[in-house]
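Hi there,

Here is the structure I promised to pass on. Please have a look at it first, and then read my notes below.

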Amino acid sequence: MPSKPAGTLYRGREGMWSWVAHRITGVGIFFFLLVHVLDTALVRVSPHAYNEVIGTYKNPIVGLLEVGLVAAILFHAFNGIRLILIDFWAKGPRYQRQLMIGVGVVWVVLFVPFVIRHLTHVFGG
């Protein structure tokens, strides 16, 4: 009797994991935009209430959530470009792994400086 593989049953590679991450980041960005539209619409209803809501966002926890938001947006954007290349470039599927590595490199190059600068403002005053 053959033994079952350890871990997940499906052993997808970069294509599967980028698919999962693309969906997760897309849903997260959607919920951010929903909250953003709702709290921005509050300014028309009650400017005082709007100012109170915006005031609650000025704390380190929200600063850390903003880091997560930027991470999600950067990944989602560059992975979307990768998907376009795979779909519309004849050689795209052949270079899927290299394109995913490229997404990771560009993500790190842009994300790390942002994190340093943003967290300096969040925790440094």
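This is a predicted model: local features need pLDDT of at least 70, side-chain atom pairs count only at pLDDT 80 or more; totals for chains, interfaces and linings use all residues.

Two packed helices are described by the angle between their axes and the distance between the axes.

Which residues bring the two helices together? On the H1 side they are Glu-14, Gly-15 and Ser-18, and they meet Gln-96, Arg-97 and Met-100 of H4. By type, the residues of this contact divide into three polar, two charged and one nonpolar.

Ser-18 is the residue I would like to show you in more detail. This H1 residue is buried, because its relative accessible area is 3%, and buried means under 20%. Leaving out residues up to four places away in sequence, Ser-18 touches Phe-75, Asn-79, Arg-82 and Met-100. Met-100 also belongs to the H4 side of the helix contact described above.

What does the side chain of Ser-18 reach? There is the backbone oxygen of Gly-15, at 3.1 Å. The side chain of Ser-18 is also joined to the side chain of Arg-82, by a polar contact of 2.5 Å.

Best wishes

Key
Residues are numbered from 1 along each chain as its sequence is written. Side-chain values use heavy atoms; hydrogens and water are left out. Contact means heavy atoms within 4.5 Å. Helices (H or I, at least four residues) and strands (E, at least two) are DSSP runs, numbered from the N terminus. Ala, Val, Leu, Ile, Met, Phe, Trp, Tyr, Cys and Pro count as nonpolar, Asp, Glu, Lys and Arg as charged, and the others, Gly among them, as polar. Buried means under 20% relative accessible area, exposed over 50%, partly exposed in between (1.4 Å probe, protein chains only). A polar contact is a pair of N or O atoms within 3.5 Å; within protein, one must be able to donate a hydrogen and the other to accept it, and residues adjacent in sequence count only if both atoms are side-chain atoms.
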